[in-house]
Amino acid sequence: MATPKKVLLLHYSQTGQLDSLAAHFVQPLQAAEGIEVETVRLEPQTPYPFPWPFWRFFDTFPETVHLQPQPIRTPVFRHERYDLVILAYTVWFLSPAQPITAFLQSPQAAVLRDTPVLTLIGCRNMWLMAQETVKELLRQNGARLVDNVVKIDACSSAASFITTPLWMLSGRKKGASWLPEAGIALSELVDGARFGARVRDCLLTQDTIDAPMLTGMGAVKVNERLIFSEKAAKRSFWLWGRLLMACGRISPVLRRGVLALYIAFLITLILTVVPVSAVVKKLLSPWLKERIAAQKAYFSQPSGE
Ligand SMILES: Cc1cc2nc3c(=O)[nH]c(=O)nc-3n(C[C@H](O)[C@H](O)[C@H](O)COP(=O)(O)O)c2cc1C
């Protein structure tokens with residue numbers, strides 16, 4: 001009998017939402033004879049709080065964006081090499097969640113060398129910049145990104161701007177009776193199995209995974225309206241994050257004061273600049289059409305829409 005194909009699933013989830021997506025995804029692989037799935041949960045040495053206290057939530061962004069995560073417990077793997085690694089992650093402040101960054105910076109990330117990696121993202125709806133960071137960290141580890149699957153919150157962008165932070169800060173998915181529920185729809189979590197089934201078929205019929213497996217399946221959907229906002233917000237997080245870390249080195253009180261200022265600045269920005277820039281972009285769209293199409297194609301790689 002042929003040796004089974006080895007798949008490693010690495011994941012970190014706070015509420016269990018991403019765990020559920022990953023579980024549906026790997027279910028067809030686990031059920032297949034000839035595929036062995038090893039699941040490793042990345043564990044922070046000190047767990048992050050959930051729900052998040054208000055200040056702690058916002059105060060996490062400088063180190064998250066500057067890729068200076070809290071340490072994780074050393075993950076232990078049964079094998080040195082795998083036929084496929086599935087990296088399931090959530091997005092924090094347009095960056096990978098800290099435990100994922102900590103893993104990708106650790107010596108244990110050597111398991112990724114020369115190995116096909118599939119990223120599986122479950123987040124509110126802004127994942128483009130985080131995936132750019134993950135791509136770079138994978139490249140530094142000598143890994144090959146072959147596919148990317150993304151599932152986002154069910155409600156509209158405007159609604160989830162309120163519902164997701166409320167969920168994170170209160171622990172309640174339905175923050176108020178007049179608000180839609182936060183999070184990814186159950187049907188979308190279950191849909192993970194459709195991609196898992198294709199991956200299973202590829203693993204069982206191919207010697208090695210060299211090319212995307214999930215093209216033409218709607219693995220990702222790039223929201224073109226968010227490309228500019230994500231780039232601008234990432235830049236703002238980066239600059240203010242640097243300033244906040246410098247303030248913290250002088251005094252924690254100074255860091256807290258500047259953070260309060262930034263939160264006020266951010267809310268004003270979102271309520272004014274974002275709607276205005278959306279209108280301007282709409283007006284300019286006939287001229288920007290080709291550029292936007294090229295950007296959409298770029299961000300939808302490697303699996304495509
Ligand atoms: C600190 C923090 C920052 C977040 N920032 C983003 C973000 O920038 N973009 C986004 O789409 N979702 C963001 N989210 C939502 C998460 O990606 C994710 O949907 C949520 O945390 C639930 O994931 P879980 O499976 O870990 O519970 C953030 C969540 C947290 C806790």
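A backbone N or O atom of Leu94 lies 2.9 Å from an oxygen atom of the ligand, a polar contact in the sense used here, namely a pair of N or O atoms within 3.5 Å, where within protein one must be able to donate a hydrogen and the other to accept it, and residues adjacent in sequence count only if both atoms are side-chain atoms. A backbone N or O atom of Asn125 is likewise 2.9 Å from a ligand oxygen, and a polar backbone atom of Leu18 is 2.9 Å from an oxygen atom of the ligand. Taken alone, the ligand exposes 620 Å², and the protein buries 95% of that, the areas coming from the Shrake-Rupley method with a 1.4 Å probe.

This is a predicted model, in which local features need pLDDT of at least 70 and side-chain atom pairs count only at pLDDT 80 or more, while totals for chains, interfaces and linings use all residues. Residues are numbered from 1 along each chain as its sequence is written, and side-chain values use heavy atoms, with hydrogens and water left out.

Around the ligand there are 20 residues, of which Ser13, Gln14, Thr15, Val91 and Met126 come nearest; a residue is counted as near if one of its heavy atoms lies within 4 Å. The shell divides into 11 nonpolar, eight polar and one charged residue. At least two shell residues each are supplied by α1 (17–31), β4 (91–92), β6 (116–123) and α6 (157–170), and α6 gives the most, with three. These elements are DSSP runs numbered from the N terminus, helices being H or I of at least four residues and strands E of at least two.

Met126 leads on to Ser229, which touches Met126 and Lys281, not counting residues up to four places away in sequence, contact meaning heavy atoms within 4.5 Å. Ser229 sits in helix α9 (residues 224–250) and is buried, with a relative accessible area of 18%, because buried means under 20% relative accessible area (1.4 Å probe, protein chains only).

As for the cysteines, the count comes to zero disulfides, a disulfide being a pair of cysteine sulfur atoms within 2.5 Å. Cys155 is in no disulfide, and the nearest cysteine sulfur, that of Cys123, is 12 Å away.

Key. Buried means under 20% relative accessible area, exposed over 50%, partly exposed in between (1.4 Å probe, protein chains only). Ala, Val, Leu, Ile, Met, Phe, Trp, Tyr, Cys and Pro count as nonpolar, Asp, Glu, Lys and Arg as charged, and the others, Gly among them, as polar.
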